[in-house]
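Please consult the sequence and structure shown here while reading.

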Amino acid sequence: MQIETPPSEKPYEKPEGERRGLVIVNTGDGKGKSTAAFGLALRAHGRGKAVKIYQFMKVPSARFGEHRMFEQLGIPIEGLGDGFSWKTQDLDHSAQLARDGWERARAAILSGAHFLVVLDEITYPLIYGWLPLEGVLETLRARPKQVHVVLTGRRCPPEIVELADTVTEMRMVKHAFKAGIPAQRGIED
Ligand code: ATP
Ligand code: MG
């Protein structure tokens with residue numbers, strides 16, 4: 001093995017800007033978008049900050065590992081969807097739920113009551129045309145300065161990427177599902 005000498009120069013300059021709320025995007029087709037957002041929620045909660053998580057594609061009654069743990073920790077997490085799937089689709093209903101859910105999320109962001117608001121899987125209602133992109137952009141722009149917002153989901157609209165401060169694309173190198181291994185409790189849900 002080739003042993004490298006540690007870098008002697010600092011990797012980046014000391015930032016000169018002011019601290020403020022960020023728009024953070026986790027997108028791409030690999031695994032880890034939602035779990036990274038949950039990790040940030042834990043980190044903020046650990047610092048005593050108010051956090052709110054909205055999930056656009058989960059039902060309000062979802063009881064995944066994260067729901068159980070966030071409940072124990074007192075981090076509010078709210079499913080806004082109807083468990084939409086391509087088999088049992090009632091598109092008008094799903095679209096209406098997404099719009100109602102967005103109104104709640106929007107009010108939470110604009111209220112300034114939270115340090116961090118997570119909009120998990122919000123890209124899907126945007127891509128399906130259930131939510132107008134302009135409304136989401138406008139809310140992000142109009143939010144109180146200190147509020148951080150995390151958005152997750154594949155195929156994030158470029159307008160949101162443009163507006164965001166930190167954008168990470170999870171690239172699929174491999175996924176166990178592709179090798180025929182089914183979803184497992186504690187890993188996928
Ligand atoms: P996670 O919630 O595990 O962080 P994610 O939010 O990045 O995943 P989503 O696109 O929201 O991924 O997908 C939801 C489900 O699909 C998760 O159970 C996830 O493990 C699975 N998944 C993620 N990426 C892939 C992939 N490339 N192929 C198949 N399934 C995937
Ligand atoms: Mg996800």
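## Polar contacts of the ligand

A backbone N or O atom of glycine 30 is placed 3.3 Å from an oxygen atom of ligand 1. The model is a predicted one. Side chains also take part: a polar side-chain atom of arginine 154 lies 3.0 Å from a ligand 1 oxygen atom, and a polar side-chain atom of tyrosine 124 lies 3.4 Å from an oxygen atom of ligand 1. Taken alone, ligand 1 exposes 570 Å², of which the protein buries 82%.

## The shell around the ligand

Around ligand 1 there are 15 residues, and those that come nearest are Asp29, Lys31, Lys33, Glu121 and Glu188. Sorted by class, this shell holds 7 charged, 5 polar and 3 nonpolar residues. Helix 1, which spans residues 33–46, gives the most to the shell, with 3 residues.

## The pocket

Ligand 1 takes up the space of the largest pocket. The volume of the largest pocket is about 990 Å³. It is lined by 34 residues, and Lys31, Ser34, Glu121, His175 and Glu188 are the closest to its centre. Helix 1 and helix 2 (65–73) are the elements that give two or more residues to this lining.

Helix 1 provides the largest share of the lining of the largest pocket, with 6 residues. By class, the lining of the largest pocket comprises 13 nonpolar, 11 charged and 10 polar residues.

Note on methods. Residues are numbered from 1 along each chain as its sequence is written. Chains are lettered from A and ligands numbered from 1 in the order in which they are written. This is a predicted model: local features need pLDDT of at least 70, side-chain atom pairs count only at pLDDT 80 or more; totals for chains, interfaces and linings use all residues. Side-chain values use heavy atoms; hydrogens and water are left out. A residue is near a molecule or strand if one of its heavy atoms lies within 4 Å of it. A polar contact is a pair of N or O atoms within 3.5 Å; within protein, one must be able to donate a hydrogen and the other to accept it, and residues adjacent in sequence count only if both atoms are side-chain atoms. Accessible areas come from the Shrake-Rupley method with a 1.4 Å probe; for residues, only the protein chains shown count as cover. On a 1 Å grid over the protein atoms alone, a cavity is a set of points where a 1.4 Å probe fits but cannot get out, and a pocket is an open set with protein on both sides within 12 Å along at least five of seven lines; lining residues have an atom within 4 Å of a point. A molecule sits in a cavity or pocket if more than half of its atoms lie within 2 Å of its grid points. Helices (H or I, at least four residues) and strands (E, at least two) are DSSP runs, numbered from the N terminus. Ala, Val, Leu, Ile, Met, Phe, Trp, Tyr, Cys and Pro count as nonpolar, Asp, Glu, Lys and Arg as charged, and the others, Gly among them, as polar. Grid points are joined across faces, edges and corners, and a volume is the space filled by probe spheres set on the points.
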